[in-house]
Amino acid sequence: MNNFSYTKVSTADHAVLEINGDIPNKIVAGGTNINDLLKYFITKADKLVDINPIIENNSIIRLDNGDVRLGALHTNAATAYDPIIEERYPLLSKAILAGASAQIRNMATNGGNLMQRTRCYYFYDTSTPCNKRDPGSGCSAIKGYNRIHAILGQSENCIAVFPSDMCVALAALDAKVNLNGPEGERVLAFAEFHRLAGDTPNIDNNLKHGEIITSIDLPEKGFEKNYSYLEIRDRSSYSFALVSVASGFDIQNGIIKEARIALGGVAHKPWRVKEAEDFLKDKEPNRENFSQAAHIILEGAKGYEHNSFKIELAKRAIVRNCLMALMPDSQRPGAKPSL
């Protein structure tokens, strides 16, 4: 059993003070992931610091510069159904609603979504070697059952994937993450928040010791006219993505002026390839060009015994999702597909 103490804090500064030290204290908000990690003895906490009372981090507000700020403690469900998000960032709304279950979305927070850990079978099985759980012990997935594992950006130390749907959309939208820590506040581009496994697969992100997420900023451009989110999984619910794709386009006079494509379920972090997005610029939005972009994105992909099929699956998913983005009316939450 994990024995721990419990305390509540009402300010971000107080939360930082509680977790900034040598003692392994952990933040808890919705608790949809940290509780599992504690129950399965994957992580340890001497103290759980409940940050739910921090009121200022539980809202969605419009900023003077046109951006929209998501409070880190705002729930996934409340975010997905917020009128501002549905209108300006339907890609994010659709991605959130594609993940987890209604019950989990009602509890899970935006900040917690960024912090969740892999669902690799071996990570949760403490009787097997896992470099992410126990650095230096080895990666059981490489020669094990690796159907759900990485095909991009992996290393010889870890082939786990990051499980979030919400974060795939945030990657495509070029969000920013606002942090508070012992050295004060700082802003991190979303692309720089999560890490590839490399030689340190036990480190999931670039948070500094003692830092917490306070909010997430969405840029003014939300690609609300041409967007789509597609999640392909073994079951239609209660299952994590084998491959997911978030696409957003700025199309003017039948020509792509800006493209965003992000993948989930294929790497240790949401995956974007700028060269593929640049390739689509000033081109027609058609199957041939989307197929070429998919090949660029999957360049260098490597499969294993049980997941090599994900390479071709990802290519086809990209093309399908990009074509879906050309029919925006069918993508809005609750909308009926156009005939």
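Of the 339 residues of the protein chain, 53% count as buried. The model is predicted. The chain holds 12 helices and 12 strands. Its radius of gyration is 20 Å, which agrees with the value near 20 Å that a compact globule of 339 residues would have.

**Overall shape and contacts**
- The C-alpha trace spans about 60 × 50 × 35 Å along its principal axes.
- Contacts between residues at least 6 apart in sequence were examined, and 64% of them join residues at least 24 apart.

**Surface and charge**
- The protein chain has an accessible surface of about 15600 Å². Carbon and sulfur atoms account for 50% of that surface.
- The chain carries 39 positive and 40 negative charges, and their mean positions lie 5 Å apart.

**Cysteines**
- The structure holds 0 disulfides. Cys 120 is in none, and the nearest cysteine sulfur, that of Cys 130, is 5.9 Å away.
- Cys 120 is buried, at a relative accessible area of 7%.
- The sulfur of Cys 158 is too far for a bond with its closest cysteine sulfur, because Cys 139 holds that sulfur 5.4 Å away and a disulfide needs the two sulfur atoms within 2.5 Å.
- Cys 158 is also buried, with a relative accessible area of 5%.

**Helix H5**
- Helix H5 covers residues 90-98. It is largely enclosed by the rest of the structure, because 7 of its 9 residues are buried.
- The buried residues of H5 are Pro 90, Leu 91, Leu 92, Ser 93, Ala 95, Ile 96 and Ala 98.

How values were computed. Residues numbered from 1 in each chain as written. Predicted model: local features only at pLDDT ≥ 70, side-chain atom pairs only at ≥ 80, totals over all residues. Heavy atoms only, no water. Buried < 20%, exposed > 50% of the residue type's maximum accessible area, 1.4 Å probe, protein only. Helix = DSSP H or I, 4+ residues; strand = E, 2+ residues; numbered from the N terminus. Rg over C-alpha atoms; globule rule 2.2 N^0.38 Å. Contact = heavy atoms within 4.5 Å. Areas by Shrake-Rupley, 256 points an atom, 1.4 Å probe, with all protein chains shown as cover. Lys, Arg positive; Asp, Glu negative; His and termini not counted. Charge placed at Lys NZ, Arg CZ, Asp CG, Glu CD.
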